[in-house]
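Please examine the sequence and the three-dimensional structure shown below. The paragraphs that follow lead through the structure step by step.

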Amino acid sequence: EGVPSKEFPLYSLSGPEGGCLADKGGGTFMRKEANSADCEKACTKDHGCVAFETGPNNHCVMHHEPVTAAGKREGFRCFDKLKVHITTTAMPSTSISPEVLAMSDRIKAQREEIVARTKELIARAKATGASPEEMEKLEDMLKQ
């Protein structure tokens, strides 16, 4: 019997400094007063949130439609949500079945992909001048 999948969101910086832009402008979004960390937490909890934007004075905007670019706006950052789902299966037997071994291999491959993507995000963030706080968050993801 399958156990519901668990979502592990990661966030990718959408290019250089600037706010999130949806296709054809606008898009569906929700404004909220929150610092960068709380804005990220709110987006993580909101399954409809696909990206979030942060800026000065507790600027937080959660986007519910795909973001296609980051507009040039000094002091603002746009983060796309990347979702990784891992599903586990409960087995009645105590022996390790081929299905469990295959699942273990899939989980290991997904973890390796997450680590590789996180390293790419760190490189992109460094190249685009991410703040020390943003860099620390990305590097903490590698430690988990």
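**Disulfides, helix and loops**

C20 and C78 are joined by a disulfide with an S to S distance of 2.0 Å, a disulfide being a pair of cysteine sulfur atoms within 2.5 Å. This pair links distant parts of the chain, since C20 belongs to strand β2 (residues 20-22) and C78 to strand β7, 58 residues apart. Helices (H or I, at least four residues) and strands (E, at least two) are DSSP runs, numbered from the N terminus. The link of C20 and C78 is right-handed, with 110 degrees about the S-S bond. Both C20 and C78 are buried; buried means under 20% relative accessible area, exposed over 50%, and partly exposed in between (1.4 Å probe, protein chains only).

The model is a predicted one, in which local features need pLDDT of at least 70 and side-chain atom pairs count only at pLDDT 80 or more, while totals for chains, interfaces and linings use all residues. Residues are numbered from 1 along each chain as its sequence is written, and side-chain values use heavy atoms, with hydrogens and water left out.

The structure holds three disulfides. Another of them is formed by C39 and C60, whose sulfur atoms are 2.0 Å apart. C39 is buried at 0% relative accessibility, and C60 is buried at 1%. C43 and C49 form a disulfide as well, with sulfur atoms 2.1 Å apart; the link of C43 and C49 is left-handed, with -95 degrees about the S-S bond. When the bonded cysteines of the protein chain are numbered in sequence order, the pairing reads 1-6, 2-5, 3-4.

An α-helix has 3.6 residues a turn, so residues three or four places apart point the same way. At the start of α1, a side-chain oxygen of N35 reaches to within 3.2 Å of the backbone nitrogen of A37.

What is the count of salt bridges? The count comes to one, where a salt bridge is a side-chain nitrogen of Lys or Arg within 4 Å of a carboxyl oxygen of Asp or Glu. R73 forms a salt bridge with E53, the closest N and O atoms being 3.8 Å apart. R73 lies in the loop between β6 (67-70) and β7 (77-86) and E53 in strand β4, so the pair ties together parts that are 20 residues apart in sequence. R73 is partly exposed, with a relative accessible area of 42%, whereas E53 is buried at 5%.

The loop between β4 (51-55) and β5 (59-63) contains N57. Phi of N57 is near 60 degrees, a positive value in a residue other than glycine, and N57 is exposed at 76% relative accessibility.

Methods
Polar contact = N/O pair within 3.5 Å; in protein donor to acceptor, adjacent residues only side chain to side chain.
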